[in-house]
Amino acid sequence: MRNVRIAPGFSHSIILVENLTRGQIVQYAGASGDFNPLHTDEIYATKVAGYQSVFAHGMLTMGMTGKAMTDLFGVRNLRRFGGRFRAQVWPGDTLTAAVTVSSISDDGTAQLSIATSNQHGTAVFEGTATVSVPRSED
């Protein structure tokens, strides 16, 4: 954990990306091996599939959201992470994650809720996670 006193109700928000670019989406396609044309081919996404543009992979959004937790609690402390994609993420979007501690058990395991939203306040990802946190020495 990064020098923060963690207690139930603790919440932290962080901007994950400002003005997501098509280039970043294509870079993720290369890293993941997912070259679905909905994410990489503007003409296919708009003319064939009827979307307003290409859009980000859901796992790109989830990966950025996961980094918010590992930055806060450390990679070694993340025990479980999952969630649901709620809305598409478009080029130009700015994403912000809010991580909230729901509870902490006696063994130092914290349950988190996570919500990632775009610049319009639309939830694009919602999930939960479990992290290990140091026990408080009261």
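These legends go with a set of close-up views of one predicted model. Because the model is predicted, local features need pLDDT of at least 70 and side-chain atom pairs count only at pLDDT 80 or more, while totals for chains, interfaces and linings use all residues. Residues are numbered from 1 along each chain as its sequence is written, and side-chain values use heavy atoms, with hydrogens and water left out.

**View 1. The whole chain, to get your bearings.**
The chain has four helices and five strands, and from the N terminus on they run β-α-α-α-α-β-β-β-β. Helices here are DSSP runs of H or I with at least four residues, strands are runs of E with at least two, and both are numbered from the N terminus. Along its principal axes the C-alpha trace spans about 60 × 30 × 20 Å. Buried residues make up 36% of the 138 residues; buried means under 20% relative accessible area, exposed means over 50%, and partly exposed is in between (1.4 Å probe, protein chains only). Take the contacts (heavy atoms within 4.5 Å) between residues at least 6 apart in sequence: 62% of them join residues at least 24 apart.

**View 2. The five-stranded sheet.**
The strands form an open sheet in the order β1-β3-β4-β5-β2, with antiparallel pairing. Two strands pair if DSSP finds at least two bridges between them. β1 and β2 stand at the edges with a single partner strand each, so one side of each has no neighbour in the sheet. On average, neighbouring strands are turned by 20° against each other, direction ignored; the axes are lines fitted to C-alpha atoms, for helices over the stretch in contact, and angles between N-to-C directions run from 0 to 180 degrees. β4 and β5 pair in the antiparallel sense over nine bridges, and S117 has A123 in β5 as its bridge partner.

**View 3. Helix α4 against the sheet.**
α4 packs on the sheet and touches β1, β2, β3, β4 and β5, with its direction at about 145° to that of β2. The helix covers residues 58-73, 16 residues in all, and reaches 23 Å from its first C-alpha to its last, close to the 22 Å expected at 1.5 Å a residue. That expected span is 1.5 Å times one less than the number of residues. Among the buried residues of α4 are L60, M64, A68, L72 and F73. What covers the buried residues includes α1 (22-32) as well as β2 (78-85) and β5 (123-132). After α4 comes G74, whose phi is positive, near 95°.

**View 4. Aromatic pairs.**
Rings of Phe, Tyr and Trp (its six-membered ring) pair if their centres lie within 6.5 Å; planes under 30 degrees apart count as stacked, over 60 as edge-to-face and the rest as tilted. By this rule there are five aromatic pairs. Y51 and W90 have ring centres 6.4 Å apart and planes at 50°, so this pair is tilted. Y51 lies in the loop between α3 (42-48) and α4, and W90 in the loop between β2 and β3, so the pair ties together parts 39 residues apart in sequence. Y51 is partly exposed at 31% relative accessibility, whereas W90 is buried at 15%. The rings of F81 and F125 have centres 5.9 Å apart and planes at 65°, so the pair is edge-to-face. F81 is in strand β2 and F125 in strand β5, so here the parts tied together are 44 residues apart in sequence. F81 is partly exposed at 23%, and F125 is buried at 0%. Y51, F55 and W90 form one aromatic cluster.

**View 5. V89 and its surroundings.**
V89 sits in the loop between β2 and β3 and is buried, with a relative accessible area of 3%. Leaving aside neighbours within four places in sequence, V89 is in contact with L20, F55, A56, T61, L95 and V124. V89 and F125 are 36 residues apart in sequence and 9.6 Å apart in space, C-alpha to C-alpha.

**View 6. T109 in strand β4.**
T109 is in strand β4 and counts as buried at 18% relative accessibility. A polar contact of 2.8 Å joins the side chains of T109 and D107. A polar contact is a pair of N or O atoms within 3.5 Å; within protein, one must be able to donate a hydrogen and the other to accept it, and residues adjacent in sequence count only if both atoms are side-chain atoms. Not counting residues up to four places away in sequence, T109 touches S103, I104, T130 and V131.
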